Amino acid sequence: MDDLALSVRTARPEDAADLARIYIESWQDTYAGVISHTLLGAMSLRAHTARWQATIKRTDRNSGAVLVAEEARFGAIGLCSFGKARDNGAGYDGEIYTLYVDPAFLGRGAGRALLAGGFDAFKERKLRSCLVWAHARNNACFFYEAMGGRRVATRTTRLMGELTPEVGFGWKRLATGKQTRTLQSRSDQS
Ligand SMILES: CC(C)(COP(=O)(O)OP(=O)(O)OC[C@H]1O[C@@H](n2cnc3c(N)ncnc32)[C@H](O)[C@@H]1OP(=O)(O)O)[C@@H](O)C(=O)NCCC(=O)NCCS
(Lines give C-alpha, C1' and ligand atoms only; values in the text may rest on other atoms or scores of the structure.)
Protein backbone atom coordinates (compact mmCIF):
# COMPACT_ATOMS: atom_id res chain seq x y z
CA MET A 1 0.00 0.00 0.00
CA ASP A 2 1.34 3.50 -0.88
CA ASP A 3 2.35 5.84 1.93
CA LEU A 4 -0.14 8.61 2.56
CA ALA A 5 1.02 12.22 2.10
CA LEU A 6 -0.76 13.60 5.17
CA SER A 7 -1.12 17.10 6.53
CA VAL A 8 -3.37 18.50 9.25
CA ARG A 9 -4.95 21.97 9.12
CA THR A 10 -7.78 23.98 10.64
CA ALA A 11 -11.12 23.31 8.92
CA ARG A 12 -12.83 25.95 6.77
CA PRO A 13 -16.62 26.28 6.28
CA GLU A 14 -16.29 24.86 2.73
CA ASP A 15 -14.93 21.60 4.23
CA ALA A 16 -18.27 20.93 5.95
CA ALA A 17 -19.68 18.55 3.31
CA ASP A 18 -16.49 16.42 3.32
CA LEU A 19 -16.48 16.29 7.12
CA ALA A 20 -20.17 15.30 7.18
CA ARG A 21 -19.50 12.46 4.72
CA ILE A 22 -16.55 11.14 6.75
CA TYR A 23 -18.54 11.46 9.99
CA ILE A 24 -21.56 9.57 8.63
CA GLU A 25 -19.49 6.82 6.95
CA SER A 26 -17.46 6.40 10.12
CA TRP A 27 -20.57 6.12 12.33
CA GLN A 28 -22.11 3.59 9.94
CA ASP A 29 -18.88 1.57 9.95
CA THR A 30 -18.10 1.85 13.69
CA TYR A 31 -21.54 1.56 15.27
CA ALA A 32 -23.14 -1.09 13.04
CA GLY A 33 -24.48 -3.64 15.54
CA VAL A 34 -24.39 -1.07 18.36
CA ILE A 35 -26.89 1.48 17.04
CA SER A 36 -29.94 0.47 15.03
CA HIS A 37 -29.48 0.09 11.29
CA THR A 38 -32.50 2.35 10.71
CA LEU A 39 -31.05 5.21 12.77
CA LEU A 40 -27.62 4.89 11.13
CA GLY A 41 -29.18 4.74 7.66
CA ALA A 42 -31.21 7.88 8.38
CA MET A 43 -28.16 10.09 9.07
CA SER A 44 -28.58 12.99 6.66
CA LEU A 45 -25.66 14.44 4.71
CA ARG A 46 -27.46 17.77 4.42
CA ALA A 47 -28.19 18.04 8.17
CA HIS A 48 -24.67 17.00 9.16
CA THR A 49 -23.12 19.42 6.64
CA ALA A 50 -25.09 22.26 8.28
CA ARG A 51 -24.00 21.05 11.71
CA TRP A 52 -20.29 20.95 10.76
CA GLN A 53 -20.55 24.35 9.09
CA ALA A 54 -21.96 25.81 12.32
CA THR A 55 -19.28 24.06 14.42
CA ILE A 56 -16.47 25.38 12.19
CA LYS A 57 -17.88 28.91 12.37
CA ARG A 58 -17.99 28.72 16.19
CA THR A 59 -14.22 28.06 16.19
CA ASP A 60 -12.42 29.63 19.13
CA ARG A 61 -15.50 30.07 21.29
CA ASN A 62 -14.61 27.73 24.18
CA SER A 63 -11.03 27.63 22.80
CA GLY A 64 -12.31 25.10 20.29
CA ALA A 65 -11.59 24.30 16.66
CA VAL A 66 -12.02 21.62 14.03
CA LEU A 67 -8.99 20.03 12.33
CA VAL A 68 -8.95 18.21 8.99
CA ALA A 69 -6.47 15.51 7.96
CA GLU A 70 -5.82 15.98 4.28
CA GLU A 71 -4.12 13.58 1.89
CA ALA A 72 -2.40 15.07 -1.16
CA ARG A 73 -4.30 12.87 -3.66
CA PHE A 74 -7.52 12.03 -1.84
CA GLY A 75 -8.33 15.30 -0.02
CA ALA A 76 -10.01 15.25 3.40
CA ILE A 77 -9.79 11.81 5.07
CA GLY A 78 -10.28 12.59 8.77
CA LEU A 79 -11.45 15.15 11.29
CA CYS A 80 -11.07 16.08 14.90
CA SER A 81 -12.93 18.64 17.02
CA PHE A 82 -11.86 19.85 20.43
CA GLY A 83 -12.15 22.60 23.03
CA LYS A 84 -12.29 23.13 26.77
CA ALA A 85 -13.28 20.02 28.73
CA ARG A 86 -17.05 19.75 29.15
CA ASP A 87 -18.92 18.93 32.36
CA ASN A 88 -16.37 19.10 35.15
CA GLY A 89 -13.72 17.65 32.86
CA ALA A 90 -12.62 15.18 35.57
CA GLY A 91 -9.65 17.45 36.27
CA TYR A 92 -8.60 17.86 32.61
CA ASP A 93 -8.35 21.22 30.77
CA GLY A 94 -9.05 20.21 27.18
CA GLU A 95 -11.23 17.60 25.54
CA ILE A 96 -11.17 15.93 22.13
CA TYR A 97 -14.89 15.91 21.29
CA THR A 98 -14.73 13.91 18.05
CA LEU A 99 -12.03 12.06 16.11
CA TYR A 100 -13.02 10.21 12.95
CA VAL A 101 -11.01 8.79 10.07
CA ASP A 102 -12.58 7.77 6.75
CA PRO A 103 -13.10 3.96 7.00
CA ALA A 104 -11.21 3.53 3.72
CA PHE A 105 -8.05 4.97 5.35
CA LEU A 106 -8.00 3.38 8.81
CA GLY A 107 -4.69 2.29 10.30
CA ARG A 108 -2.55 4.53 8.08
CA GLY A 109 -1.57 7.25 10.53
CA ALA A 110 -4.35 9.83 10.09
CA GLY A 111 -5.67 9.33 13.65
CA ARG A 112 -2.18 9.76 15.10
CA ALA A 113 -1.61 12.92 12.99
CA LEU A 114 -4.96 14.42 14.09
CA LEU A 115 -4.33 13.70 17.78
CA ALA A 116 -0.84 15.25 17.53
CA GLY A 117 -2.41 18.28 15.78
CA GLY A 118 -5.01 18.54 18.57
CA PHE A 119 -2.31 18.42 21.27
CA ASP A 120 -0.35 21.16 19.49
CA ALA A 121 -3.51 23.29 19.33
CA PHE A 122 -4.17 22.69 23.06
CA LYS A 123 -0.70 23.92 23.89
CA GLU A 124 -1.23 27.09 21.81
CA ARG A 125 -4.41 27.68 23.84
CA LYS A 126 -2.69 26.99 27.19
CA LEU A 127 -4.78 23.85 27.75
CA ARG A 128 -2.32 21.56 29.51
CA SER A 129 -4.11 18.22 29.73
CA CYS A 130 -6.58 16.25 27.62
CA LEU A 131 -9.57 13.98 28.10
CA VAL A 132 -11.41 11.96 25.45
CA TRP A 133 -14.45 9.71 25.84
CA ALA A 134 -14.77 6.51 23.79
CA HIS A 135 -17.41 3.82 23.58
CA ALA A 136 -16.13 1.10 25.95
CA ARG A 137 -16.32 -1.60 23.26
CA ASN A 138 -14.88 0.53 20.46
CA ASN A 139 -11.50 -0.30 18.88
CA ALA A 140 -10.69 3.38 19.40
CA CYS A 141 -9.82 2.37 23.00
CA PHE A 142 -6.75 0.50 21.67
CA PHE A 143 -5.80 3.56 19.64
CA TYR A 144 -6.00 5.93 22.64
CA GLU A 145 -3.97 3.53 24.78
CA ALA A 146 -1.35 3.25 22.02
CA MET A 147 -1.20 7.06 22.01
CA GLY A 148 -0.37 7.11 25.73
CA GLY A 149 -3.85 7.80 27.14
CA ARG A 150 -4.70 6.29 30.55
CA ARG A 151 -8.13 4.92 31.46
CA VAL A 152 -9.22 7.48 34.06
CA ALA A 153 -13.04 7.44 34.19
CA THR A 154 -16.17 5.61 33.12
CA ARG A 155 -19.72 6.83 32.54
CA THR A 156 -22.95 5.81 30.85
CA THR A 157 -24.39 8.13 28.21
CA ARG A 158 -27.04 7.94 25.53
CA LEU A 159 -25.79 7.43 21.99
CA MET A 160 -28.69 8.07 19.62
CA GLY A 161 -31.00 7.10 22.48
CA GLU A 162 -29.17 3.85 23.41
CA LEU A 163 -27.60 3.62 26.89
CA THR A 164 -23.89 3.27 26.20
CA PRO A 165 -20.89 2.57 28.48
CA GLU A 166 -17.97 4.91 27.85
CA VAL A 167 -14.36 5.08 29.01
CA GLY A 168 -12.52 8.36 29.56
CA PHE A 169 -8.87 8.41 28.44
CA GLY A 170 -6.66 11.08 29.98
CA TRP A 171 -3.31 12.69 29.27
CA LYS A 172 -2.25 14.69 32.35
CA ARG A 173 0.68 16.15 30.46
CA LEU A 174 0.57 16.61 26.74
CA ALA A 175 3.56 15.49 24.73
CA THR A 176 6.26 18.15 24.56
CA GLY A 177 6.96 19.69 21.15
CA LYS A 178 9.68 17.09 20.59
CA GLN A 179 7.44 14.16 21.51
CA THR A 180 4.63 15.55 19.35
CA ARG A 181 7.03 15.73 16.44
CA THR A 182 7.88 12.09 17.13
CA LEU A 183 4.17 11.22 17.03
CA GLN A 184 3.92 13.21 13.81
CA SER A 185 7.02 11.74 12.19
CA ARG A 186 5.88 8.19 12.97
CA SER A 187 2.70 9.02 11.08
CA ASP A 188 4.77 10.38 8.18
CA GLN A 189 6.55 7.04 7.98
CA SER A 190 3.43 4.84 8.14
C1 LIG B 1 -9.74 5.46 16.28
C2 LIG B 1 -9.23 6.09 14.98
C3 LIG B 1 -9.47 7.60 15.02
C4 LIG B 1 -7.72 5.81 14.85
O5 LIG B 1 -7.24 6.38 13.65
P6 LIG B 1 -6.32 5.56 12.62
O7 LIG B 1 -5.91 6.49 11.55
O8 LIG B 1 -7.03 4.32 12.21
O9 LIG B 1 -5.10 5.18 13.58
P10 LIG B 1 -3.52 5.28 13.25
O11 LIG B 1 -3.25 4.59 11.97
O12 LIG B 1 -3.07 6.68 13.39
O13 LIG B 1 -2.96 4.38 14.44
C14 LIG B 1 -2.01 4.83 15.39
C15 LIG B 1 -1.70 3.69 16.34
O16 LIG B 1 -2.87 3.35 17.09
C17 LIG B 1 -2.97 1.93 17.24
N18 LIG B 1 -4.28 1.50 16.69
C19 LIG B 1 -5.06 2.18 15.80
N20 LIG B 1 -6.20 1.50 15.57
C21 LIG B 1 -6.12 0.37 16.32
C22 LIG B 1 -6.98 -0.76 16.50
N23 LIG B 1 -8.16 -0.85 15.86
N24 LIG B 1 -6.57 -1.74 17.32
C25 LIG B 1 -5.40 -1.67 17.97
N26 LIG B 1 -4.54 -0.63 17.83
C27 LIG B 1 -4.90 0.37 17.03
C28 LIG B 1 -1.80 1.31 16.54
O29 LIG B 1 -0.86 1.06 17.55
C30 LIG B 1 -1.28 2.40 15.64
O31 LIG B 1 0.10 2.40 15.66
P32 LIG B 1 0.95 1.77 14.45
O33 LIG B 1 0.55 2.54 13.23
O34 LIG B 1 2.33 2.02 14.88
O35 LIG B 1 0.54 0.34 14.39
C36 LIG B 1 -9.92 5.46 13.73
O37 LIG B 1 -9.70 4.08 13.76
C38 LIG B 1 -11.40 5.75 13.63
O39 LIG B 1 -11.81 6.77 13.08
N40 LIG B 1 -12.22 4.81 14.10
C41 LIG B 1 -13.65 4.89 13.95
C42 LIG B 1 -14.29 6.05 14.64
C43 LIG B 1 -14.00 6.13 16.11
O44 LIG B 1 -14.18 5.17 16.82
N45 LIG B 1 -13.56 7.31 16.55
C46 LIG B 1 -13.29 7.57 17.93
C47 LIG B 1 -14.52 8.04 18.59
S48 LIG B 1 -14.17 8.34 20.30
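Predicted model: local features only at pLDDT ≥ 70, side-chain atom pairs only at ≥ 80, totals over all residues.

Tutor: The sulfur of Cys 80 has its closest cysteine sulfur in Cys 130, 8.5 Å away, which is too far for a bond. A disulfide here means a pair of cysteine sulfur atoms within 2.5 Å.

Student: Is Cys 80 buried or exposed? And Cys 130, buried or exposed?
Tutor: Cys 80 is buried, at 0% relative accessible area. Cys 130 is also buried, with 0% relative accessibility. The cut-offs are under 20% relative accessible area for buried, over 50% for exposed, and partly exposed in between, using a 1.4 Å probe and protein chains only.

Student: Switching to the ligand: which residues come nearest?
Tutor: There are 23 residues around the ligand, and Leu 99, Gly 107, Gly 109, Gly 111 and Asn 138 come nearest. A residue counts as near if one of its heavy atoms lies within 4 Å of the molecule.

Student: What does the backbone of Gly 107 do there?
Tutor: A polar backbone atom of Gly 107 sits 2.8 Å from an oxygen atom of the ligand. For Gly 109, a backbone N or O atom is likewise 2.8 Å from a ligand oxygen, and for Ala 110 the distance is 3.5 Å. The protein covers 75% of the 910 Å² of accessible area that the ligand has on its own; such areas come from the Shrake-Rupley method with a 1.4 Å probe, and for residues only the protein chains shown count as cover.

Student: Which element gives the largest share of the shell?
Tutor: That is α5, with five residues. At least two residues each come from α1 (16–30), β4 (94–101), α4 (110–124), β5 (130–135) and α5 (140–146). Helices (H or I, at least four residues) and strands (E, at least two) are DSSP runs, numbered from the N terminus.

Student: And which residues touch the most other members in the largest nonpolar core?
Tutor: Phe 82, Ile 96, Phe 122, Tyr 144, Phe 169 and Trp 171 do, in a core of 30 residues. The largest share of this core, six residues, comes from α4. By nonpolar core I mean a set of buried Ala, Val, Leu, Ile, Met, Phe, Trp, Tyr and Cys residues joined through side-chain atoms within 4.5 Å.

Student: Where is Glu 95 found?
Tutor: In strand β4. Glu 95 is buried, at 3% relative accessibility, and its side chain makes a polar contact of 2.8 Å with that of Arg 86. A polar contact is a pair of N or O atoms within 3.5 Å; within protein, one must be able to donate a hydrogen and the other to accept it, and residues adjacent in sequence count only if both atoms are side-chain atoms.

Student: Last one: where does Arg 128 lie?
Tutor: Arg 128 is in the loop between α4 and β5 and counts as exposed, at 56% relative accessibility. Arg 128 and Leu 174 are 46 residues apart in sequence, with their C-alpha atoms 6.4 Å apart in space.

Notes. Residues numbered from 1 in each chain as written. Heavy atoms only, no water.
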